[in-house]
Amino acid sequence: MHLRFPKDWALPAAAVTPEPLYRLAQRREFLKTLGIGLAGAALLRPSALLAATAGFPAKGNPLYPGTALKPTAEEYVTSFNNFYEFGTDKSEPKDYANKGWKTDPWTVELAGLVNQPAKFDVNELVKKIGGLEERVYRHRCVEAWSMVIPWDGFPLAKLVALAEPKPEAKYVRFVSFNDPAHAVGQKEGNLDYPYVEGLRLDEATHELAFIATGIYGKALPNQNGAPLRLVTPWKYGFKGIKSIVRIEFTAAQPKNTWSVMAPDEYGFYANVNPKVDHPRWSQASERVIGAGLLGGRQATLMFNGYEKQVAALYKGMDLAKNF
Amino acid sequence: MSFPEKLLRSKVFIWTLLVLPGLWPVWPVFVSGNPSVGADPLKYVLHHYGFVACVLLATVLAFTPLRVLFPKSKLALALNRHRRLVGVAGFAYALLHLTAYLFHDGWATLVHDVWAKPKTFILAGLGAFTILLVLAITSVNAFVRWLGGKRWKNLHRLAYLAAALAAYHQIYARKLFPVQVLWIFGPLVVLEILRVVRQRTAANPEAREKM
């Protein structure tokens with residue numbers, strides 16, 4: 001008799017959204033974008049068609065499947081957003097990011113200490129990279145809530161390879177857009193804009209580091225950071241800079257927006273760590289988004305459950321100091 | 001008696017005003033199905049009740065300065081009939097807020113944030129709650145008699161400390177400064193400053209004693 005011992009991160013089979021249902025929904029969307037009922041779809045969801053759509057549908061990456069983790073309901077992922085460029089309330093980005101802010105066409109620049117500086121149209125870039133893949137990742141916000149999101153995109157390592165960093169490049173600096181005329185939060189100046197994030201080069205080339213251009217098999221909605229954003233599932237969500245316009249390779253550690261705003265509260269690394277509290281709240285557990293009124297508090301996992309994959313990156317470092 | 005005065009004197013009217021904000025979350029959580037709320041409905045409830053508690057605390061504290069600044073206003077007088085009711089309602093919302101927090105974050109988180117690694121913003125909130133609890137209990141007539149007017153009044157001045165702690169709690173619960181705090185507690189601060197100025201400059205020493 002074969003006994004199967006579930007891994008500690010695996011959810012019971014009953015908790016998983018039936019995959020056929022999830023795939024079916026994806027296929028329907030795909031058929032829509034192919035042109036069946038195109039006129040109707042264009043009338044109903046113009047934004048979905050205007051955004052970068054190259055490369056869909058993405059192939060699922062079997063290493064990061066949706067079967068081990070239950071994806072959060074799509075409507076929550078697209079209406080509960082921290083995107084301060086479009087307001088600090090989580091309900092605001094869905095509204096304000098879809099009022100005349102254009103994410104197509106979109107150019108992203110590779111710059112700094114590289115042999116191949118370049119500017120790419122996002123769709124061209126996706127083709128050059130060789131298409132998209134889907135990965136289901138945990139997502140943990142620094143505010144102690146979490147989601148599970150099926151991302152579509154490509155490994156950041158492929159983009160780094162395209163840029164060919166010079167030997168003196170040690171960090172990657174990401175810069176988001178700056179358009180106060182269309183971004184109400186930038187107009188208010190609630191943070192220093194443009195939003196900036198950074199990774200160590202070895203973090204950027206780690207297999208988990210991902211550039212997403214879609215969620216749930218469709219192009220990223222504006223409020224989720226269209227047309228392309230960073231996804232580093234072992235770090236707090238604020239590292240996942242949205243709507244990137246510039247990726248720069250540097251010798252010095254970049255100053256990321258939140259760590260400049262409140263250096264004692266947000267660091268450069270921002271690795272998910274249940275043992276290191278935020279100065280104002282505990283990080284030991286998290287609220288599961290979409291679990292209903294009385295459900296869903298769970299223990300936070302070291303590196304958000306990706307300890308095996310990423311722990312080696314931080315060997316010998318004091319994680320309480322390098323928070 | 002004017003209609004606004006009649007309205008403000010009415011217990012039913014004030015009760016209605018106090019109860020309605022408590023029912024408000026039913027709409028986004030159960031009826032409209034707003035996904036921005038549905039993502040974490042209890043968090044919404046928690047923030048809402050905390051917000052109402054702060055508004056009521058600031059409101060009830062504004063009653064006295066309003067009466068001092070407008071001694072002839074019947075409306076200010078009418079409001080001052082409901083000081084106990086509004087104050088106790090503020091405590092009730094603080095209790096709802098704390099209860100929602102315990103369901104949302106859990107006892108383990110509370111113990112951690114109070115005992116293992118104390119967080120000033122949680123301690124401030126608990127401090128404000130404790131004060132409101134004591135004031136609510138001692139708000140019954142028997143306690144007023146037992147403590148005697150002067151001691152009772154001194155004890156209930158702790159409400160100002162509770163308001164300051166609540167404002168701190170509200171500010172430090174957020175990642176960025178919430179402007180909300182300014183329009184909740186700002187008017188109270190202005191009224192209190194005006195009241196102190198008025199009392200200092202009151203020529204009539206009798207009037208000063210009445211304050």
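Strands are DSSP runs of E of at least two residues, numbered from the N terminus. In the predicted model, this numbering places β4 at 133-141 and β5 at 145-155 of chain A, and each of these strands supplies at least two residues of the lining of the largest cavity. The largest share of that lining, four residues, comes from β5(A).

A search of the whole structure finds three cavities of 30 Å³ or more. The largest cavity holds about 350 Å³ of space. Its lining comprises 25 residues, of which Asn82(A), Phe83(A), Arg229(A), Gly237(A) and Lys242(A) are the closest to the centre. By residue class, the lining of the largest cavity consists of 14 nonpolar, seven polar and four charged residues.

In chain B, helix α11 (residues 158-172) packs with helix α12 (residues 180-201) at an angle of about 150 degrees, and the two axes are 10 Å apart. Angles over 145 degrees count as roughly antiparallel, and α11(B) and α12(B) are therefore roughly antiparallel to each other. The crossing of the two helices, α11(B) and α12(B), is left-handed.

On the side of α11(B), the contact involves Tyr160(B), Ala163(B), Ala166(B), Ala167(B), Gln170(B) and Ile171(B). These residues meet Gln180(B), Val181(B), Ile184(B), Phe185(B), Glu192(B) and Arg195(B) of α12(B). Eight residues of the contact of α11(B) with α12(B) are nonpolar, two are polar and two are charged.

Note on methods: Residues are numbered from 1 along each chain as its sequence is written. Chains are lettered from A and ligands numbered from 1 in the order in which they are written. This is a predicted model: local features need pLDDT of at least 70, side-chain atom pairs count only at pLDDT 80 or more; totals for chains, interfaces and linings use all residues. Side-chain values use heavy atoms; hydrogens and water are left out. On a 1 Å grid over the protein atoms alone, a cavity is a set of points where a 1.4 Å probe fits but cannot get out, and a pocket is an open set with protein on both sides within 12 Å along at least five of seven lines; lining residues have an atom within 4 Å of a point. Grid points are joined across faces, edges and corners, and a volume is the space filled by probe spheres set on the points. Ala, Val, Leu, Ile, Met, Phe, Trp, Tyr, Cys and Pro count as nonpolar, Asp, Glu, Lys and Arg as charged, and the others, Gly among them, as polar. Axes are lines fitted to C-alpha atoms, for helices over the stretch in contact, and angles run from 0 to 180 degrees between N-to-C directions. Angles under 35 degrees count as roughly parallel, over 145 as roughly antiparallel, 65 to 115 as roughly perpendicular and the rest as oblique. A crossing is left-handed if the near helix is turned anticlockwise from the far one by less than a right angle, and right-handed if clockwise. Contact means heavy atoms within 4.5 Å.
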